[in-house]
Structures are given as structure tokens and as C-alpha cells.
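Keep the picture open while you read.

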Amino acid sequence: MNRMTYAQALNDALRQEMRRDERVIVLGQDVAVYGGIFGATQGLLDEFGPTRVVDTPISENGIVGAAIGMAMSGLRPVVEIMYSDFLCLAMDSLANGASVFPFVTQGRVTVPLVVRTQGGPGGNAGPQHSKSLEQWTAHLPGIHTVLPSSPADAKGLLTSALRSPDPVIVFEHKKLYGTEGLVPDGEHVTPLGTAAVVQEGTDVTIVAVSGMVRHALDAAAELSTRGVSAEVVDVRSLRPLDTATLVASARKTGHVVVAAETWLRYGPTAEIAAVIMAEAFEELRAPVARVGAAAVPYPASPALEPAVIGGADDIVHAAQALLTTRTLRTHRSELRRSA
């Protein structure tokens with residue numbers, strides 16, 4: 001195990017896969033000379049040269065469109081899109097190209113494309129550099145959508161993405177690049193479509209997406225001081241979604257809070273809540289609660305941004321509200337029986 005940052009773990013995965021497979025090509029804005037806006041591609045140009053690490057013009061749809069052609073021709077391109085906000089410019093290539101070509105060709109054409117993009121609020125980057133748009137790509141059949149929240153998963157999920165025959169969008173959280181953690185040395189693969197129980201608990205399950213995992217752990221620590229044992233589950237992958245792990249935890253605790261930094265309506269919290277309600281309804285003691293961003297563009301104001309996004313305090317409040325609901329329901333049930 002090595003201690004490294006989230007950005008270094010991504011770099012480690014790229015470097016190892018580029019050494020293992022000469023078909024892996026990295027391209028994007030400032031990925032070569034500059035090493036990427038967050039440093040994830042630093043040093044790759046020196047080792048692999050300008051034919052495999054390519055700086056591109058500022059044209060997201062052009063970059064992704066060219067990469068799709070490369071992938072269909074036998075290469076394994078890795079595109080870096082500086083911010084997930086800019087995926088809007090490439091959605092035609094992703095939605096009408098990468099996600100459908102294997103279907104319309106009856107599997108004769110594959111698109112082993114990886115798109116790395118940086119999402120999530122934080123740092124007061126404002127409404128055009130802070131969006132969390134993972135629900136857009138997760139909605140598309142044929143595209144995998146993963147969200148590592150730790151250095152180990154950053155390396156493991158990116159490695160899996162680089163080996164997948166299907167297009168994969170990796171949403172990296174820009175507030176996590178400098179965080180440190182232990183990362184396995186050498187080959188490390190985290191299968192796509194697997195959630196992780198990062199903390200065991202018995203009273204309430206907190207299902208968290210991407211940057212909300214750290215808030216979920218903070219909330220669990222606060223809840224423990226109040227006598228509540230919280231289990232924290234990191235989704236890690238929205239498509240495919242690890243329904244089995246989520247449902248098992250929900251059945252275990254009977255109370256679930258789903259938290260993400262995306263807008264609350266029509267986002268991943270809604271899908272996860274629906275799955276849990278459908279599969280674990282009999283074991284739930286209260287409805288699934290959700291924590292997400294308010295329905296406004298992410299503000300640049302340091303005072304307003306955390307208020308819009310939500311965090312540990314909101315998760316604690318939601319969890320305690322669920323447990324209170326359980327107490328009231330139990331009390332009413334006892335009254336009915338006694339009557």
C-alpha cells in the first residue's frame with residue numbers, strides 16, 4: 001500500500017495501463033504539457049510522447065467525437081473534460097454516438113472510450129464550473145457512470161474503466177484531488193457496478209454519492225455521539241447500480257437516507273430511493289429520506305454555496321427525523337393493539 005493523493009492515484013492508473021496496453025491514448029485540453037488542470041496527467045507526456053498524450057483545441061464535442069472514432073478503430077482513448085459542465089457540449093456525441101453504436105451494429109462495433117471529467121460544487125467556482133451531471137450520463141443505456149470518492153477507488157475504478165469494452169464516464173470530484181489515502185501498489189481493479197460499505201452500522205443507512213461520502217462519514221460520527229449507529233454506503237457506480245448492496249443495508253437498518261450533491265429532483269437520490277422502496281419495502285420502518293442541492297444554480301458566494309448544497313448537518317437532521325417517525329409509528333401500533 002502506498003499513501004498518495006486522489007490525483008496521484010488517477011495518474012498511477014493511467015501510467016500503469018498505458019504501459020500495459022499501447023492502445024491507450026490520452027487526449028484533452030492541457031493534458032500534455034500542462035499535465036491536466038488538476039495534475040492527473042502530469043509526467044505522461046515525458047514517458048509516452050506526443051503521439052499518445054495529445055493536447056487538443058477547446059472543443060469538447062470535437063474531442064469526444066474524435067475519441068469515439070479512435071475507439072471504434074481499435075484504440076482505447078481517454079478523454080479529459082475539464083469540468084462536467086462542459087459535457088453539455090459533448091452530449092450529442094455521447095448520447096447519439098457512443099451509447100448507441102454497439103446496439104445499432106448488433107455488437108459488431110464496440111466503443112471502449114473513457115471520459116474523465118471533474119464535477120461537484122466546492123471552491124466557489126460558480127454555476128458554470130460546479131455542476132454534478134452524473135444523472136445525465138447514468139440515464140443513457142450503454143454508458144457506465146462511476147464516481148470514485150477515495151484515492152483507492154480512483155485508481156481501481158479508472159483501471160476497470162480503461163479495460164472495459166464499453167464507454168465509461170468517470171466523474172472525479174474536484175474537491176477530492178488533494179485528499180490522501182492508502183492505495184494498493186501495482187495492479188488494482190475495482191469492478192464497475194459495485195458499492196462499498198465504508199462504515200458498518202445498525203440503526204440507519206446513509207447512502208452517499210461521490211463528494212457526499214465524506215459528509216456522510218461526518219454525519220455518522222455526529223450521530224454516534226447521540227446514540228445512533230449509522231452505516232455508510234458509497235454508491236461508487238450509478239450505472240450499473242449495485243442494487244443488492246443497497247437493499248441489503250436497507251433491510252438491515254430499516255431506515256435510509258440517500259445523499260448527493262446533485263439537485264434533488266430527478267437525480268440519483270430519486271432513483272436510489274425508488275429502488276430501495278421497491279425492493280425493501282417490507283423491512284423499512286419509515287420512508288426513504290433524501291438530501292440534495294436546492295433547485296438553483298450553484299452560487300459562487302462562499303456563504304451561499306454550502307447552504308445550497310447541504311452537508312453533514314442535513315444528513316443528521318434527516319436521519320433523526322426518520323428515527324422519530326419510527327418511534328411515533330411504533331407507539332401508534334402499540335396503542336392500536338392495546339385498544
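Q: How much space lies in the largest cavity?
A: Bear in mind that this is a predicted model. A search of the whole structure finds one cavity of 30 Å³ or more. The space in the largest cavity comes to about 60 Å³.

Q: Which element gives the largest share of the lining of the largest cavity?
A: The lining includes Phe 171, Glu 172 and His 173, along with others such as Gly 119 and Ala 260. Two elements give two or more residues to it: β7 (168–173) and β13 (256–263). The largest share, three residues, comes from β7.

Q: How many residues of the lining of the largest cavity are nonpolar, polar and charged?
A: You can find Leu 147 and Val 209 in this lining, and also Ser 132 and Glu 134. Sorted by class, the lining of the largest cavity has three charged, five polar and four nonpolar residues.

Q: Where does the largest cavity lie?
A: Check who supplies the lining: domain 1 (2–183) gives residues, and domain 2 (196–330) does too. Since both contribute, the largest cavity lies between domain 1 and domain 2.

Q: Which residues are closest to the centre of the largest pocket?
A: Now for the open spaces. The largest pocket holds about 280 Å³ of space. It has 13 lining residues, and the closest to its centre are Ala 138, His 139, Leu 238, Pro 268 and Glu 271.

Q: How do the residues lining the largest pocket divide by class?
A: Pro 268 and Glu 271 are among the residues closest to the centre of this pocket. Its whole lining divides into two charged, three polar and eight nonpolar residues.

Q: Which element supplies the largest share of the lining of the second largest pocket?
A: This pocket has about 150 Å³ of space, and its lining includes Pro 121, Lys 175, Arg 214 and Glu 305. Domain 1 (2–183) and domain 2 (196–330) both give residues to that lining, so this pocket lies between them as well. The largest share, three residues, comes from α11.

Q: Why is α7 largely enclosed by the rest of the structure?
A: Helix α7 covers residues 151–163 and reaches 19 Å from its first C-alpha to its last, close to the 18 Å expected. Its buried residues include Pro 151, Lys 155 and Leu 162. It is largely enclosed because the buried residues number twelve of the 13 in α7.

Key:
Residues are numbered from 1 along each chain as its sequence is written. This is a predicted model: local features need pLDDT of at least 70, side-chain atom pairs count only at pLDDT 80 or more; totals for chains, interfaces and linings use all residues. Side-chain values use heavy atoms; hydrogens and water are left out. On a 1 Å grid over the protein atoms alone, a cavity is a set of points where a 1.4 Å probe fits but cannot get out, and a pocket is an open set with protein on both sides within 12 Å along at least five of seven lines; lining residues have an atom within 4 Å of a point. Grid points are joined across faces, edges and corners, and a volume is the space filled by probe spheres set on the points. Ala, Val, Leu, Ile, Met, Phe, Trp, Tyr, Cys and Pro count as nonpolar, Asp, Glu, Lys and Arg as charged, and the others, Gly among them, as polar. Helices (H or I, at least four residues) and strands (E, at least two) are DSSP runs, numbered from the N terminus. Domain bounds come from an automatic or database domain assignment. The expected span of a helix is 1.5 Å times one less than its number of residues. Buried means under 20% relative accessible area, exposed over 50%, partly exposed in between (1.4 Å probe, protein chains only).
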